[in-house]
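Biologist: Please show me the model, and then I will ask about a few of its residues.

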Number of protein chains: 2
Amino acid sequence: LKIEVKKNILATNASMAAENRSRLESHGVCMLNLMASPGAGKTSVITRAIEGTRDRLKLAVIEGDIASEIDSLAIEAMDIPAIQINTGGSCHLTAVMVASALDHLDLEALDLIIIENVGNLVCPAEFDLGEAGRLVIASVAEGHDKPHKYPLIFREVDAILVNKIDLLSYCDFNLTQFHQVVRRLNPTAAVIELSCREGYGIDEWCQWLTATATGRRSELPS
Amino acid sequence: LKIEVKKNILATNASMAAENRSRLESHGVCMLNLMASPGAGKTSVITRAIEGTRDRLKLAVIEGDIASEIDSLAIEAMDIPAIQINTGGSCHLTAVMVASALDHLDLEALDLIIIENVGNLVCPAEFDLGEAGRLVIASVAEGHDKPHKYPLIFREVDAILVNKIDLLSYCDFNLTQFHQVVRRLNPTAAVIELSCREGYGIDEWCQWLTATATGRRSELPS
C-alpha cells in the first residue's frame with residue numbers, strides 16, 4: 001500500500017511537471033532546479049548569478065522553504081522578481097507548488113528561472129518540477145563523502161557546484177576523492193569549484209548558466 | 001486524503017515508538033536521537049562521545065543512511081556495536097526500522113544507544129523513534145539562520161550542538177543572533193559549542209551525555 005501511495009503521488013507530480021515544462025518552452029524560458037543541504041550556499045550562488053548575468057539574462061527566482069521569507073527578501077532587494085513558497089512541513093517542492101508560482105511571473109519577460117529547492121539532499125531529487133536542468137551544491141564543509149551517501153541527487157544533475165572552496169585548508173575534504181566518486185556516479189555533469197564568499201569561480205558559473213539558459217551549452221569548454 | 005495517509009503513518013509510527021520506549025526502559029537503556037544536515041558532523045560528534053565516555057558508559061550506535069556503510073564501519077573500528085540501517089530512498093528513520101535494529105543489540109549489556117538519523121533537518125523531526133531525548137547539530141558553516149528556516153527540529157530537541165566552531169572566523173555566522181533565535185524557539189535546550197576537529201567543548205558534551213544517560217541531568221550546571 002505504501003508503495004502505491006508513493007507511485008500515485010509521483011505520477012500526479014510527473015503530469016503537472018510536464019505541463020510546467022511545455023508552458024515554459026512555449027515562452028522560451030529556461031527553468032533550473034537548484035538543490036543542496038541546508039546552508040550549502042544556495043542563496044549566495046543565486047545572488048552571485050544575478051550579479052554576473054543581469055546584463056545578459058532576464059532572471060526570476062522561486063524560493064522554496066519550510067518557513068521564513070529570508071531568501072526571497074534578499075533576492076527582491078536586488079530588484080529581481082522572487083516568489084516565496086513556504087511548504088509548511090514538506091521537505092521538497094512539488095510541480096503543483098511551482099505551477100502556482102509560475103502564475104505570478106511574467107513569463108514573456110523572462111529568460112531564466114532559478115528554483116531554490118528546500119534544503120535537503122534526499123526528497124527533492126525524486127520530484128520533477130518541470131525544469132530544463134538540475135544542479136546540486138556540495139559544500140566543502142560537509143566533507144567529500146556526500147556523493148556516497150546521497151547518490152541519487154548526484155547522479156541526476158547537469159552541474160555540481162563545489163562551494164566554500166575557500167574552506168579547503170580548514171576542513172577534511174579530499175577534492176581528488178570527491179571528483180572520483182562524482183565521475184563514477186555522473187560522467188557528464190559539469191563540476192564547478194566556487195567560493196561565493198571570496199568570488200572564486202563565479203565567471204565559470206555565470207558562463208555555464210548563460211550557455212544553459214540560451215541553449216548553447218555545447219559551446220562550453222569541457 | 002493526503003493528510004489522512006500522513007496521519008495513519010504517524011499513528012502507526014507512534015505506537016511502535018511507544019513499544020521501543022518501554023522495551024528500553026525495562027532494560028534501563030537510554031536512547032538518544034541525533035539529527036542534523038548532511039555533513040554537520042554527526043559521526044564525529046559520536047566518535048568524540050565514545051572516546052570521552054567509554055570508561056563510564058556502555059554504548060552502542062544505530063546508523064541511519066540512505067546508502068553506504070561508511071559510518072557504521074567507523075564506529076565498529078572503535079570496538080563499539082554499530083547497526084547500519086540503509087533506508088533505500090527514505091529521508092528519515094522510523095520506529096519500525098529502529099525496532100529491527102534493537103533486535104540485534106544486547107540491551108542488558110548497554111547504558112546508552114545513540115541513533116544517527118539520516119542527514120536531513122526536516123522529516124526526522126516528525127518521527128518519534130522511542131528515544132528518551134533528541135539532539136540537533138548546527139554547523140557553523142551552514143550559517144546562523146537555520147533555526148529560522150527549520151523551526152520544528154530546533155523546537156523539539158533537548159540539546160543543540162553548535163559544531164565546527166573553529167570555522168567561526170571564516171564563515172558569516174553570528175553566534176549572538178543564533179543564540180537569540182534558538183532561545184525564542186526553545187528556552188530549555190542545552191546549547192553546547194563544539195569543535196570535533198580541534199577537540200573544543202568535548203568535555204561539556206560528554207558531561208551532558210553522561211548526566212542524561214544516567215538520569216542525572218538535573219545536576220548539570222545550567
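Biologist: Is B:Trp205 buried or exposed?
Modeller: This is a predicted model. The relative accessibility of B:Trp205 comes to 2%. Buried means under 20%, so B:Trp205 counts as buried.

Biologist: Is B:Trp208 buried or exposed?
Modeller: B:Trp208 has a relative accessible area of 4%. With the limit for buried at under 20%, B:Trp208 is buried.

Biologist: Where do B:Trp205 and B:Trp208 lie?
Modeller: The two are three residues apart, about one turn of the helix. Both B:Trp205 and B:Trp208 belong to helix 8 (residues 202-213) of chain B.

Biologist: How many aromatic pairs are there over all chains?
Modeller: Rings pair if their centres lie within 6.5 Å. By this rule, the count over all chains is seven.

Biologist: What kind of pair do the rings of A:Tyr170 and B:Tyr170 make?
Modeller: Their centres are 3.7 Å apart and their planes are at 15 degrees. Planes under 30 degrees apart count as stacked, so the pair of A:Tyr170 and B:Tyr170 is stacked.

Biologist: What does the pair of A:Tyr170 and B:Tyr170 join?
Modeller: A:Tyr170 sits in the loop between strand 6 (159-163) and helix 7 (175-185) of chain A. B:Tyr170 sits in the loop between strand 6 (159-163) and helix 7 (175-185) of chain B, so the pair joins two chains.

Biologist: Which residues do ring pairs link into a cluster?
Modeller: The cluster is in chain A and is held together by ring pairs. Its members are A:Phe154, A:Phe173 and A:Phe178.

Biologist: How do helix 2 of chain A and helix 8 of chain A pack?
Modeller: Their axes are 9 Å apart, at an angle of about 75 degrees. Angles of 65 to 115 degrees count as roughly perpendicular, so helix 2 of chain A is, relative to helix 8 of chain A, roughly perpendicular.

Biologist: Which residues of helix 8 of chain A make the contact with helix 2 of chain A?
Modeller: Helix 2 of chain A contributes A:Val45, A:Arg48, A:Ala49, A:Gly52 and A:Thr53. From helix 8 of chain A come A:Ile202, A:Trp205, A:Cys206, A:Leu209 and A:Thr210.

Biologist: Is A:Ser37 buried or exposed?
Modeller: A:Ser37 is placed in the loop between strand 1 (30-36) and helix 2 (42-53) of chain A. Beyond its neighbours within four places in sequence, its contacts include A:Asn120, A:Glu142 and B:Pro38. The relative accessible area of A:Ser37 is 0%, so A:Ser37 is buried.

Methods: Residues are numbered from 1 along each chain as its sequence is written. Chains are lettered from A and ligands numbered from 1 in the order in which they are written. This is a predicted model: local features need pLDDT of at least 70, side-chain atom pairs count only at pLDDT 80 or more; totals for chains, interfaces and linings use all residues. Side-chain values use heavy atoms; hydrogens and water are left out. Helices (H or I, at least four residues) and strands (E, at least two) are DSSP runs, numbered from the N terminus. Buried means under 20% relative accessible area, exposed over 50%, partly exposed in between (1.4 Å probe, protein chains only). Contact means heavy atoms within 4.5 Å. Axes are lines fitted to C-alpha atoms, for helices over the stretch in contact, and angles run from 0 to 180 degrees between N-to-C directions. Angles under 35 degrees count as roughly parallel, over 145 as roughly antiparallel, 65 to 115 as roughly perpendicular and the rest as oblique. Rings of Phe, Tyr and Trp (its six-membered ring) pair if their centres lie within 6.5 Å; planes under 30 degrees apart count as stacked, over 60 as edge-to-face and the rest as tilted.
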